[in-house]
Amino acid sequence: MPQSVLQRDRVDALLPRALSARELEELLFPTKAELEGQDGDTLAVSVTPDRLDLLSEGGLGLCLQGQLEAARGLPPFPIVDLPDPAIAFDVDPSVAGLRPAIAGFVVASPPDRPLDTGLLEEAVRFQELIHGTVGRDRRAASLGIYPLERLSPPFRYTLEPIEGVRFVPLDGSDEVGGPEFFERHPMAARYGALGRAGASCLTLRDAAGVVLSLPPVLNSREGGEARAGDRWLLVESTGTRERAVRESLGLLSVVFASRGWTVAPVPVRGGSPLEGDGRPVVAPRSIVLPSALLHGLAGVARPADEVTQRLSRARLSAHPHSGGWRVEVPPWRPDLLTAVDVAEDAILAAPLRPEDGIVAPSPTQGRRLAAARFRRRFSIAMLGMGHAQPYTSLLVSDAAVERVPGARPLRLLNPVSAEFSSLRDRLLLSHLEVLRRNTRHSYPQRIGEVGPVVVADPAAESGATTRYHAGALVASDGAGFADAAAIVDALLREVDVVAVREPADLPGTIVGRAARARVAGEAVAELGEIRPETLTALGVPVPVAWAEIDLTALAPLVSVRES
Amino acid sequence: MPDASPTDASDPAASLSLSAPERTVLRALQTAPRTPVEEEALANELSLGPDQVRGSLQRLRAKRLALLEEAHPIARLITPRGQLALQRGLPERRFLEALDRAGGALTPDAAAAAGLDEEERSAAIGILRRRGWLADGVPFRRTPAALPATERLPEEVVLGQVATGDDDVDEAIVSALERRGLVRTERRSVKRWSPSEEGRRLVIESEGETLIGPLTPAVLASGAWRTGRFRPYDVRAAVPFRAAPHPNPYAQWLEEFEEILIGLGFEQAEGPLLETEFWNNDVLFMPQDHPARSLHDALSVVGVSGRPPSPELLARVAAVHEGVPMPGETEPVGPGWGTPYDPGIAARPVLRSQTTPVSARLLALHPTPPFRRYSLDRNFRREEVDARHGIEFTQCEGILGADGTSLRELIGMFGALSEAIGIREMKIRPSYFPFTEPSIEGYVRHPRLGWIEIFPGGMLRPEVLRPLGVEVPVAAWGIGIGRLAMIALGLNDLRELFEDDLDRLQGVA
């Protein structure tokens, strides 16, 4: 779950009164945020992935205002005119192949409260969180914040030769050339590849040629350093995914909206996927919530007023609409895609109680699958034959595969460790491991398990089939092929079939002491004596007989008695 | 190595063997008219030496065939000096008699002449004076209190009692006689034996008789068992270890949980463990570039290639992802993810990361309600293995769908399930899953662990249902059943669910 550490005083500043730890925990329980911990100055908060807005002090404050009923409805985030009609993003077609999307907005502080250090730090902290989530580590989208009053619009987003770029990086004091920056700067080492194509790199410059930033790597000090006291900020996002660009901007806007700032959309010109007046990025969206949908999902019809109140408490704005409500949602709620998303807010705005649940009479008759019932018979039969019943993993180790030459299980492309690296194609691979782990115990040892295996199958949709095997091992002084054959015969008798054995060379067995068993011509079982090299490697001092029945192959061949 | 096989030929139980003297002694105990019998008497009765009888009895006792009662009675015996006193009279008696014979005054010389030696004379004078029967001074004279000559002294009475074995004696006088060396006290050990219940019932072969050992086919066929007697076995002797396999505790617990679901009307469903990304993610409205689908989180397999589902279904799911109308429709289901849908990604094989694909396949195959299905099966995530996390884990997926199915029904189902596993307190909070909206999480209060998240679920999104052709609301949930099992089985480590210790599986440890 995404999480962040928030400054408590910045949250408190948005609330009508200070909250105790317990109050805070209780208020957050019916929301999608959870208090993970706190000390005097900070709150550790985690959220579900759809409510990243709650990981900013501003977003959490708005939510708590609603929970406390200190404020309701959509927070005011007035859309105003741009201070300079020249403000716009001019997009050069050269960016199309690398990072085509750009959008942004301008925010203006309340007259008496210009940007302060706390708000700037909050915005930068939240910006980094957005980079790591919605931005997919800046690949899909990355944000930049600039001091508008020190820039000359319009702003040009282009791909230009690295050789011609000179700027002072935001974290430095000396001007560097593009080649040097991309060669040496740690941010370039990390994100440089996202913003360059061969000898060119992405730049955002103002009309005076001042470099604002090298998206998505780093801002410049001259054009990209916002400071306390600034009243107008330019916020932009570039990326490969339009949606991520829009979402990242919308999320960041909550920081300013919660502090009474106003917003002005910035037009995008020149062929960007987000070309236009920029208004959709910052304006509330409208979603129609049909009452039938809401009541159907909730399982209860609530009065229209109550629904309006609930949505208002969730910091949305709802108005009656034919057959439901028209709901205004702010830009920092990208999780609200359709009517069902808004319905969730309406349903969850008040705590859900277990006693609201109903248990409807079942319209169906519960039962196990016939195949599962079939498998269960073999499991019980092996138990009755004295086989201990392990529960082994489908994933087996490199060592387990290597000790059975000839076994060819599917291998994982990206295993976490050599211990879980292949998908067993026979239970034998797991069961030999069980014997290895039990060499300290006395013999004879008998194990038996019904479990899944996965075998390559070009005809299957995923390229492999899941099959269920009944596997048994007998390790004892005198165990041999006859024991294995007797197990197969006994288990097959459970389903009233008789198999015919034929010699076979099987992985891990002694040549000449292994067989395949067929029923009605279909191979249904493999059996044999385990080769001494394997036993020695396992540390098993007695012979081992092995039998394994492919229940998936067997099931269609028998008329199943209902168990 | 001991053979613990229940199917191997059964070893005969250890025979209960008795030596000849043991048989003789036991037979004597079995036939004694009254028990217990004193060991000494038994030895006298049998033509065996006392040591042989004693040894046999002890061995029979070790075999739990004979019972011992041991007593330690007190015996008082007359010493040789006491015998002499009985014959000649006590010194004080003889002194008084000599005094009487001397006419009431006895000089020391006369006393010596009466047969009393120096020691006896001193003892007699001391005793008689302490009793006030002899006046001070010499010659010795009786006092008026002295006992008449016709009466017996108390010491004489007690000495006589001891001599005749009469235990009803004055203990103080016995002690005085002991101090005078006339009587001594001994503690005796008396062992009395009787046969135990087993000893009484035990069949003892007679001289020349051969008892039947194992009941072999030959014995059965010959009919020897009709006339012969069976050699008894030592039923307490150690026997070979026999394994008694139990159902695997985890598998058994999962079955019990299944029974709860079946009782609530759920039918089982299954699906492949190696899925395509289409079924594992796309059909569940997981964006194709979602981080959880990367190689960092999802387990991929080499050497196999998958293929997309039917072109019709693929087109519908692609339309939902792209936010365009599905084929034949005019309105999109929703805005989608705003990125082009890649059928190549849809065909990639991946180990199933959740059980929900099973439900999706089921709904695609049978979109007609009602639905009440469960799938309790293995899933895989790319996690580091520790006590709380595993690459392979079991999830219990369920779907409910019919006209009118709602979140309330889902909450009701959570309540029914938690009650069925014995937990009554529950609370609900919002949650998030890409394929459900609303999404909730049921917490239950465990007596030891406090509030724990158990029931994640929600209502399947239209983006999931519409492409599958489902026209009723469907509630879905997926329980991390391993966690519940750990609580129920009292385990602290998820890895213990994959139990393979044979001792524990056989109920030994």
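Which strands of chain B does helix H1 (residues 20–31) of chain B lie across, and at about what angle does H1(B) run to S7(B)? Helix H1(B) lies across S1, S2 and S7 of chain B, and its direction makes about 80° with S7(B). Welcome to a predicted model, in which local features need pLDDT of at least 70, side-chain atom pairs count only at pLDDT 80 or more, and totals for chains, interfaces and linings use all residues. Residues are numbered from 1 along each chain as its sequence is written, while chains are lettered from A and ligands numbered from 1 in the order in which they are written.

Helices (H or I, at least four residues) and strands (E, at least two) are DSSP runs numbered from the N terminus. Axes here are lines fitted to C-alpha atoms, for helices over the stretch in contact, with angles between N-to-C directions running from 0 to 180 degrees.

**Domains**

- The bounds below come from an automatic or database domain assignment.
- Chain A is assigned domain 1 (3–68), domain 2 (89–282), domain 3 (285–351) and domain 4 (370–557).
- Between the C-alpha centres of domain 3 and domain 4 of chain A there are 56 Å.
- Chain B is divided into domain 1 (1–16 + 210–242), domain 2 (77–167) and domain 3 (252–273 + 352–503).
- In chain B, the centres of domain 2 and domain 3, taken over C-alpha atoms, are 109 Å apart.

**Where the two chains meet**

- Chain A gives 78 residues to the contact and chain B gives 89 residues, with two residues in contact if their C-beta atoms, placed from the backbone, lie within 7 Å.
- Elements giving two or more residues to the chain A side include helix H8 (242–257), helix H10 (291–298), helix H13 (370–384) and strand S21 (410–412) of chain A.
- Helix H12 (339–348) of chain A is also one of these elements, and H12(A) provides the largest share of that side, 6 residues.
- The chain A side has 38 nonpolar, 25 polar and 15 charged residues; Ala, Val, Leu, Ile, Met, Phe, Trp, Tyr, Cys and Pro count as nonpolar, Asp, Glu, Lys and Arg as charged, and the others, Gly among them, as polar.
- Strand pairing also links the chains: S21(A) and strand S10 (residues 301–302) of chain B run antiparallel and are joined by 2 bridges.
- Opposite Leu412(A) stands Val301(B) in S10(B).

**Sheets**

- Two strands pair if DSSP finds at least two bridges between them.
- Chain A has an open, antiparallel sheet of 6 strands in the order S23-S24-S28-S27-S26-S25.
- Its edge strands are S23 and strand S25 (500–503) of chain A, each pairing on one side only.
- On average, neighbouring strands of this sheet are turned by 25° against each other, direction ignored.
- Strand S25(A) runs antiparallel to strand S26 (residues 509–519) of chain A, and 4 bridges join them; here Val500(A) stands opposite Arg518(A).
- Helix H16 (residues 481–493) of chain A packs on this sheet, touching S24, S25, S26, strand S27 (522–530) and strand S28 (544–550) of chain A, and its direction makes about 30° with that of S28(A).
- Chain B has an open sheet of 3 strands in the order S1-S7-S2, with antiparallel pairing.
- Strand S1 (37–38) and strand S2 (66–71) of chain B stand at the edges with a single partner strand each, so one side of each has no neighbour in the sheet.
- S1(B) and strand S7 (residues 190–195) of chain B pair over 2 bridges in the antiparallel sense, and the bridge partner of Glu38(B) in S7(B) is Arg192(B).

**A helix pair in chain A**

- Helix H4 (residues 117–132) of chain A and H8(A) have axes that come within 10 Å and cross at roughly 155°.
- H4(A) and H8(A) are therefore roughly antiparallel, a term for angles over 145 degrees.
- Among the residues making this contact are Phe126(A) and Ile130(A) of H4(A) and Leu251(A) and Val255(A) of H8(A).
- The residues of this contact divide into 6 nonpolar, 2 polar and 1 charged.

**Backbone details to check by eye**

- Tyr443(A) and Pro444(A) are joined by a cis peptide bond with omega of about 5°, and Pro444(A) lies in the loop between H15 and S23 of chain A.
- Asp137(A) is not a glycine, yet has a positive phi of about 55°; Asp137(A) sits in the loop between H4 and strand S6 (141–147) of chain A.

Terms used:
Angles under 35 degrees count as roughly parallel, over 145 as roughly antiparallel, 65 to 115 as roughly perpendicular and the rest as oblique.
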